[in-house]
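User: I want to learn how to read local features in a model. Take me through a few, one at a time.

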Amino acid sequence: MTSAKSPISLYNTLTRTKEPLHPLDENNVRMYVCGPTVYDFAHIGNARPVIVFDLLFRLLRHHFGDEHVSYVRNITDVDDKINARAARDFPDMPLNEAIRKVTEKTADRFVADAMALGCLEPTHQPRATDFIVPRNDGKSDMVSLIGQLIDKGNAYEANGEVLFDVTSMPDYGKLSGRNLAENLAGARIAVDAHKKNPADFVLWKQSSADEPGWESPWGRGRPGWHIECSAMSAAFLGEIFDIHGGGLDLIFPHHENELAQSRCAHGTHAMANIWMHNGFLQVEGQKMSKSLGNFITINDLLDTNKFGGQKWHGRVLRLAMLTTHYRQPIDWTADRLFECRSMLYDWNKAVFEAPLQPVPAEFLAALCEDLNTSGAITILHALAKSVNAAATGLDKVETAGRLRAALEPIRAI
Ligand SMILES: [Zn+2]
């Protein structure tokens with residue numbers, strides 16, 4: 001391309017402003033996004049960060065080059081919810097075997113769902129259980145990180161647990177905007193006697209003989225959830241990286257605690273420079289819940305007639321997710337899916353077999369502006385409209401080629 005690229009600007013939850021992205025290393029732009037806990041099929045709310053951060057991954061690859069972006073999305077395969085599900089579904093099997101069955105089946109389904117939604121595979125998809133104890137390759141692991149936190153006075157052992165001492169970090173709470181006094185007040189009712197402060201959180205807990213466990217200096221046990229992401233992000237992206245993403249519901253406590261652990265263990269001023277969060281999702285105007293009967297999995301949408309009376313193509317689901325800006329709440333409705341299906345139909349019809357042109361600069365500029373997908377979609381509409389309006393000839397073919405370039409090589413929308 002000859003024209004200058006628009007700079008990418010992104011809303012940073014940490015500073016509450018939109019900021020230009022200045023990668024630490026333009027040859028290796030690094031992004032970490034919290035992945036699924038694999039005990040059940042992913043629901044449509046889980047699909048939102050998967051699609052949104054795939055869009056950003058594609059934009060970064062287009063901008064900096066395919067080989068110059070590292071995207072890590074973990075798989076959490078150790079969690080008490082997984083243990084409970086394994087015991088429920090496979091009561092006659094030894095727990096470890098049952099757990100493996102649950103996590104493998106669910107993780108495979110997740111990867112297949114993400115692919116059906118038009119998402120590229122992340123550069124790395126580490127599983128938490130591979131990063132608990134020290135590794136032969138020397139990559140970061142949870143037990144070593146916890147040891148560092150104890151050595152530096154940020155964590156302590158009590159009552160079979162290792163806990164992070166939130167008062168050891170002067171600016172704990174900065175990401176979520178919660179101050180310690182609020183946390184203390186909120187937690188006053190259920191103070192665990194062994195904690196120094198009510199807001200202290202678990203890094204390691206001991207396992208009973210029938211729970212999954214790993215050997216550690218603090219006995220046979222298992223990690224807390226937050227430390228997993230601190231270890232896996234450091235293992236692949238280093239102590240400080242460019243972008244950390246996830247859903248709004250992860251800001252507190254998960255991301256706040258990841259950030260505290262990583263900064264204190266590594267002695268750094270930051271874990272990631274830009275923290276991004278996607279908004280919530282409702283279904284037909286209501287909070288999605290199993291009790292309301294409006295709980296839908298990605299698999300339901302792709303393979304059954306449970307929503308809108310038919311199966312949906314992953315491309316329609318992806319477009320529907322991107323019609324609302326990622327930071328806004330989205331209402332997932334059948335009407336929206338029907339609309340998006342006909343939009344895609346119109347665009348594909350307009351594209352015909354036109355030779356590819358460069359990706360339209362205004363389309364890229366919209367995406368570079370904090371992933372302004374509705375702006376980008378408006379540009380696609382306008383292009384499709386002018387293809388249809390042009391009688392015949394060069395103009396028509398060229399415009400169709402530009403529309404095709406926006407739709408196909410990046411596959412952002
Ligand atoms: Zn995480």
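User: Is His325 buried or exposed, and what is its relative accessible area?

Analyst: First, the ground rules. This is a predicted model, in which local features need pLDDT of at least 70, side-chain atom pairs count only at pLDDT 80 or more, and totals for chains, interfaces and linings use all residues. Residues are numbered from 1 along each chain as its sequence is written, and side-chain values use heavy atoms, with hydrogens and water left out. Buried means under 20% relative accessible area, exposed over 50%, partly exposed in between (1.4 Å probe, protein chains only). His325 has a relative accessible area of 15%, so it is buried.

User: Where is His325, and which residues does it touch?

Analyst: Helices (H or I, at least four residues) and strands (E, at least two) are DSSP runs, numbered from the N terminus. His325 lies in the loop between helix H9 (314-322) and strand S13 (330-332). Contact means heavy atoms within 4.5 Å. Leaving out residues up to four places away in sequence, His325 touches Arg48, Asp370, Leu371, Asn372 and Thr373. Its side chain also reaches the backbone oxygen of Asp370 at 2.8 Å.

User: Which residues coordinate the zinc ion?

Analyst: Donors are N, O and S atoms within 2.8 Å of the metal (3.2 Å for Na, K and Ca); water is not among the atoms, so sites may look incomplete. Here they are Cys34 (SG), Cys229 (SG), His254 (NE2) and Glu258 (OE), at 2.1 to 2.2 Å. Along the chain, the donors follow the spacing C-x194-C-x24-H-x3-E. Cys229 in helix H6 (residues 225-237) and His254 in helix H7 (residues 251-266) are 25 residues apart, a pair that links distant parts of the chain. Both Cys229 and His254 are buried.

User: How do I read helix H3, and which of its residues are buried?

Analyst: Start with length. The expected span of a helix is 1.5 Å times one less than its number of residues. H3 (residues 95-116) has 22 residues and reaches 32 Å from first C-alpha to last, close to the 32 Å expected. Then look at burial. Ala98, Ile99, Val102, Thr103, Thr106, Ala107, Phe110, Asp113 and Ala114 are the buried residues of H3. They cover an arc of only 145 degrees around the axis, so they sit on the same side of H3. The arc is that of the directions from the helix axis to the C-beta atoms.

User: What does the buried side pack against, and which residues are exposed on the other side?

Analyst: The buried residues of H3 pack against helix H1 (44-64), strand S4 (69-73), helix H2 (80-89) and helix H8 (298-303). On the other side of H3, Lys105, Asp108 and Met115 are exposed.

Terms used
Polar contact = N/O pair within 3.5 Å; in protein donor to acceptor, adjacent residues only side chain to side chain.
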